[in-house]
Amino acid sequence: MFKWLESEISQIKTRRFHMTDIASAPHSLANLWEESTLLPPSYRAFLTKFGQAKLYRYGNSYSLVVFSPPIQVLDESGERLVKFGYSSFGTAYFKYSLLKPNAESPVFEKDIDDDDPKLEKAAKNFEQWLNKRRDSIHEEYSPEEWQQILNGPPPFTSNEVRRVEARQRYKWDLLGFKENGDIRILVKNESEISLPYLGIGVKSKDGSVNGRIWLPVLDIKPGEENIIEHGCYNNLIRRSDVVLFDLPDPEPEDRALYWEFK
């Protein structure tokens, strides 16, 4: 079971394309979920082998995710659901009322992006759901694109290495906020070149928002500094809850995600 995923993980040389948290794979499912015998066998087998999984990286997110542990929720009608993952088709659930000890159970999905989201049956069991979503995602790649994922990205050029090193020498300091919620940041360029943008991570204290902003820094010459005013999820995060942080250094597979390479 799930040999295809083990095979893909072993073949793909693009880092972080598939992320499986083996450390979270439970030694005892009873420690994971107090009613673990109700979890369908194929789902339990997946958790035991892979733990939480994020599959098919697309930009900053993943197209297919399996949670470990699952989450019990109530839908609008008060029905008890077990949320165990999501894909581009929607969030995936088991209906608690249909769970039986050591038996498979149908999978239902709800696409919250729909104007009137409804819970609809998507597969007869977890394994079928995972295979269907995998097949749908694979269809989105051309043969050339998939081969590039298998091969991994080309290494950084000398110019790209220079940009990576330069971004490490940019310093920034949050000065405060404008009345409209924009942040004021003092940026110092201690590198030997000027980058077009500098990325800074942004999150809320409760973790409900996690993203990044791109500061235009091309006009800040080496050895100079300047104050930049920029929007910062103004309508999503209160000023007192804004947390800024340095983004990790990009790897070759991150080229499209870092504006420093524009």
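## A buried tryptophan and its partner

Tryptophan 146 has a relative accessibility of 16% and therefore counts as buried, a value that, like the others in this report, comes from a predicted model. Phenylalanine 17 is likewise classed as buried, because its relative accessibility is 4%.

The structure holds 22 aromatic pairs. In the pair made by phenylalanine 17 and tryptophan 146, the ring centres lie 6.0 Å apart and the planes meet at 70 degrees, so the arrangement is edge-to-face. Because phenylalanine 17 belongs to the loop between α1 (3–11) and β1 (18–21), while tryptophan 146 belongs to helix α5 (residues 143–151), this contact ties together parts that are 129 residues apart in sequence.

## A stacked pair and an aromatic cluster

Phenylalanine 84 and phenylalanine 94 form an aromatic pair of the stacked kind, with 4.4 Å from centre to centre and 25 degrees between the planes. Phenylalanine 84 is located in strand β4 (residues 80–87) and phenylalanine 94 in strand β5 (residues 90–95), so that the pair, whose members are ten residues apart, links distant parts of the chain. With a relative accessibility of 0%, phenylalanine 84 counts as buried, and phenylalanine 94 is buried with a relative accessible area of 0%.

These two phenylalanines also belong to one aromatic cluster, which is formed by Phe2, Tyr43, Phe46, Phe50, Phe84, Phe94, Phe126 and Trp129.

## Charges over rings

Aromatic rings also face charged groups in this model, as arginine 134 illustrates: its charged end sits over the ring of tryptophan 4, at 4.6 Å from the ring centre. Lysine 203, in turn, lies over the face of phenylalanine 245, with a distance of 5.4 Å to the centre of that ring.

## The three-stranded sheet

An open sheet is built from three strands in the order β11-β10-β13, and the pairing within this sheet is antiparallel. Strands β11 (210–216) and β13 (242–246) are the edge strands, each of them pairing on one side only. From one strand to the next, the twist averages 35 degrees.

Strand β10, which covers residues 197–204, pairs with β13 in the antiparallel sense over five bridges. Within this part of the sheet, valine 202 stands opposite leucine 244 of β13. In general, the strands of a sheet pair through backbone hydrogen bonds, in either a parallel or an antiparallel manner.

Notes: Residues are numbered from 1 along each chain as its sequence is written. This is a predicted model: local features need pLDDT of at least 70, side-chain atom pairs count only at pLDDT 80 or more; totals for chains, interfaces and linings use all residues. Side-chain values use heavy atoms; hydrogens and water are left out. Two strands pair if DSSP finds at least two bridges between them. Helices (H or I, at least four residues) and strands (E, at least two) are DSSP runs, numbered from the N terminus. Axes are lines fitted to C-alpha atoms, for helices over the stretch in contact, and angles run from 0 to 180 degrees between N-to-C directions. Rings of Phe, Tyr and Trp (its six-membered ring) pair if their centres lie within 6.5 Å; planes under 30 degrees apart count as stacked, over 60 as edge-to-face and the rest as tilted. Buried means under 20% relative accessible area, exposed over 50%, partly exposed in between (1.4 Å probe, protein chains only). A charge sits over a ring if NZ of Lys or CZ of Arg is within 6 Å of the ring centre and within 35 degrees of the ring normal.
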